[in-house]
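Reader: I have this one open on my screen and want to talk through the fold. Can you take me through it?

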Amino acid sequence: MDNPNLPPEFELDGAKLRALRAADAPALYGYLKNPAVTERTSYPDVSLSLAELIIEKTQMRWATSELSKWGLARREDDKIIGTCGFNNWSKTDRRAELAFDLAPEYWGTGLMRQAVTSILHWSFEHDHIDRVLAYVRVDNDRSQGFLQRNGFIRESRLKDFRVCKGIPHDFYVYRLLKSDWTPDK
């Protein structure tokens, strides 16, 4: 990795991907508490403490040279408006689980596409992974469409895969192989 204690930064149109910081917790909580962001995910009840825990876990993973998440920050004021990266990474199996979230006012702007493309390009080029997985609730059409537009293939349906707000839900598993990926899809 370029710097095992911090993820590399990437410049996007009007935003950047950078390491998450403890001071980002209020902004992260600010958009995650919007039900539109988390209602079709496996996020537990959202709280400021959860946002702090997400950041702490991400920092610990980077500090131990594990792939993890980036913060998506506006360029003009460095405020976090989303996260993108890997929930799980297996160095041995060369696979990672992609996860992303974004404040609703930025949906449809192309920022998350740029973020995912940057992260995948870096991860594949630096030979960290060969296979990326994404788990999406079967009723989350928006995320399914996003993944499909970005070259991911739906592999299967997982029955009662994750519990969301106390209720088991089916999830689709999507995959993208390094050998199939082209950044201009």
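Author: One definition before any counts: helices (H or I, at least four residues) and strands (E, at least two) are DSSP runs, numbered from the N terminus. Also, this is a predicted model.

Reader: Fine. How many helices and strands does the protein come to?

Author: Five helices and eight strands. Along the sequence, the pattern reads β-β-α-α-α-β-β-β-α-β-α-β-β.

Reader: What order do the strands of the sheet have?

Author: E1-E2-E3-E4-E5-E6-E8-E7, in an open sheet of eight strands with mixed pairing.

Reader: And which strands stand at the edges?

Author: Strand E1 (10–12) and strand E7 (153–164). Each has a single partner strand, so one side of each lacks a neighbour in the sheet. On average, neighbouring strands of this sheet are turned by 25° against each other, direction ignored.

Reader: How does E5 run with E6?

Author: Strand E5 (residues 95–102) and strand E6 (residues 131–137) run parallel, and three bridges join them. Ala 96 has Val 132 in E6 as its bridge partner.

Reader: Which strands does helix H5 touch?

Author: H5 (residues 141–149) packs on the sheet and touches E5, E6, E7 and strand E8 (167–177). The direction of H5 makes about 155° with that of E6.

Reader: And H1, what does that touch on the sheet?

Author: Helix H1 (residues 25–32) packs there too, touching strand E4 (80–90) and E5. Its direction is at about 95° to that of E4.

Reader: Switching to helix against helix. At what angle do H1 and H3 pack?

Author: About 120°, and the axes of H1 and helix H3 (residues 48–63) are 8 Å apart. That angle makes H1 oblique to H3. The crossing of H1 past H3 is right-handed.

Reader: Which residues make the contact?

Author: From H1, they are Ala 25, Pro 26, Leu 28, Tyr 29 and Leu 32; from H3, Leu 48, Ala 51, Glu 52, Ile 54 and Ile 55. Nine residues of this contact are nonpolar, none is polar and one is charged.

Definitions and conventions
Residues numbered from 1 in each chain as written. Predicted model: local features only at pLDDT ≥ 70, side-chain atom pairs only at ≥ 80, totals over all residues. Heavy atoms only, no water. Pairing = 2+ DSSP bridges. Axes fitted to C-alpha atoms, helices over the stretch in contact; angles between N-to-C directions. Contact = heavy atoms within 4.5 Å. Parallel < 35°, antiparallel > 145°, perpendicular 65-115°, else oblique. Left-handed = near helix turned anticlockwise from the far one by under 90°. Nonpolar A, V, L, I, M, F, W, Y, C, P; charged D, E, K, R; others polar.
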